Amino acid sequence: MAKQEENAVSLYRTPLYSLAQELKARLTSFGGWEMPVQFSGITHEHEAVRNKAGMFDISHMGKFTLQGKNLISQLQTLVPSDLTRLQPGQAQYTVLLNPEGGIIDDIIFYFQGENPSGNQQGVMIVNAATTNKDKTWILQHLDANEVTFQDLSSEKILIAVQGPKAVEYLQPFVQADLTPVKAFGHLEATVLGKPAFLARTGYTGEDGFEVMLDPQVGIELWRRLHNAGVVPCGLGARDTLRLEAAMALYGQDIDDTTTPLEAGLGWLVHLDTKGDFIGRPILERQKAVGVERRLVGLQMQGRNIARHGYQVLSAGKVVGEVTSGTLSPTLGYPIALAYVPTQLAIVNQQLEVEIRGKTYPAVVVKKPFYRSKTRVTN
């Protein structure tokens, strides 16, 4: 997005910033951007997404398009997932890895198949704070003669419409029928008479679509959805929703020092069906001998909330650290994610969390904490 007037911290603003101001949203700094943390209140926004529909401005996220004759084989070396499995109109959530097997970023790659000139093409969505880092890394490792890379981050708006009634609210503005699109499916369609990219993906654990389109059309779509009754949501509800669904937040739950096997993302690692990729030797070794720590779900045994950075203890000894924690609006009790030694990463394992100098009981529980009954599957 274009940088607006310089201030002390030089925050970026998305094209929907003025609409957030109109709605008197509370704003916060996030990944170099000035973003709404809440509009009508985190609990109200959270419940709207779980029960009906909410919408998020996620225009701050990085948006790349790639094309080339051998695009998939070029990307295969950057991720542990086998992208050759993808059919046109399908997508893969995966991670970019460094040589140590650490996660540079978690991304979604949407495969669009071949264009009329015979080039494979796709869209890649990456995290806001890592957009420049990811772009540099990708360009360093792709053959510029083979792949055309375009950064659309500043040119497009991205709106996430999420919840059991998301499609019902979005459909009137989209020319194509959204009903047959499966989870992680995507298509190019006309929205309010203009071209757009729509994907049945999201970061809330609910059904919904993420819509990428030109700024003026995106502003109009936001207004139309709001008038129809879709609740504007900020980063606060986005965090409580994703944590209930045990979805990792880059920079907290995963980073360049954690591997996908440690982070519970082993399902992204397809060692048996693909060739070499950056970080493969490390993941092969971890697969063979096991990892020393794992990211687990914790349920606090009381009302005390375990926050990011709090220490986890077992038998009075510090054994790990909380990466994310909140009071779950849906479940009504505090939940958290934490890295603990593998031998303690067992469901029903009793642990403790240190909160303001005192320790409070916690128990390891199965992830995710919440699973939608209405979410569309593959």
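**View 1. Lining of the second largest pocket in a predicted model, by residue class.** The lining of the second largest pocket divides into six nonpolar, eight polar and three charged residues, where Ala, Val, Leu, Ile, Met, Phe, Trp, Tyr, Cys and Pro count as nonpolar, Asp, Glu, Lys and Arg as charged, and the others, Gly among them, as polar. Of its 17 lining residues, Tyr12, Trp33, Ala128, Thr131 and Asn132 lie nearest the centre of this pocket, and helix H4 (residues 131-141) gives the most to the lining, with three residues. The volume of the second largest pocket is about 290 Å³. On a 1 Å grid over the protein atoms alone, a pocket is an open set of points with protein on both sides within 12 Å along at least five of seven lines, a cavity is a set of points where a 1.4 Å probe fits but cannot get out, and lining residues have an atom within 4 Å of a point. Grid points are joined across faces, edges and corners, and a volume is the space filled by probe spheres set on the points. Helices (H or I, at least four residues) and strands (E, at least two) are DSSP runs, numbered from the N terminus. The model is predicted, so that local features need pLDDT of at least 70 and side-chain atom pairs count only at pLDDT 80 or more, whereas totals for chains, interfaces and linings use all residues. Residues are numbered from 1 along each chain as its sequence is written, and side-chain values use heavy atoms, with hydrogens and water left out.

**View 2. The largest cavity and its lining.** The structure holds four cavities of 30 Å³ or more, and the largest cavity has a volume of about 70 Å³. Its lining consists of Ala183, Phe184, Arg200, Thr201, Gly202, Glu206, Asp207, Gly208, Arg375 and Val376, which by class are three nonpolar, three polar and four charged residues.

**View 3. The second largest cavity, with residues from helix H1 and strand S2.** This cavity has a volume of about 60 Å³, and helix H1 (17-22) and strand S2 (33-38) each supply at least two residues of its lining. Eight nonpolar, one polar and two charged residues make up the lining of the second largest cavity, among them Leu16, Tyr17, Met35, Phe39, Asp57 and Trp222.

**View 4. The crossing of helices H2 and H7.** The axes of helix H2 (residues 42-51) and helix H7 (residues 235-244) come within 8 Å and cross at roughly 50°, the axes being lines fitted to C-alpha atoms over the stretch in contact, with angles running from 0 to 180 degrees between N-to-C directions. H2 is therefore oblique to H7, since angles under 35 degrees count as roughly parallel, over 145 as roughly antiparallel, 65 to 115 as roughly perpendicular and the rest as oblique. The contact (heavy atoms within 4.5 Å) is made by Ile42, Glu45, His46, Val49 and Arg50 of H2 and by Gly236, Ala237, Thr240, Leu241 and Glu244 of H7. By class, this contact of H2 with H7 has four nonpolar, three polar and three charged residues.

View 5. Most residues other than glycine have a negative phi, and most peptide bonds are trans. Lysine 24, in the loop between H1 and strand S1 (26-30), has a positive phi of about 60° although it is not a glycine. The peptide bond from lysine 367 to proline 368 is cis, with omega near -5°, and proline 368 is found in the segment after strand S19 (358-365).
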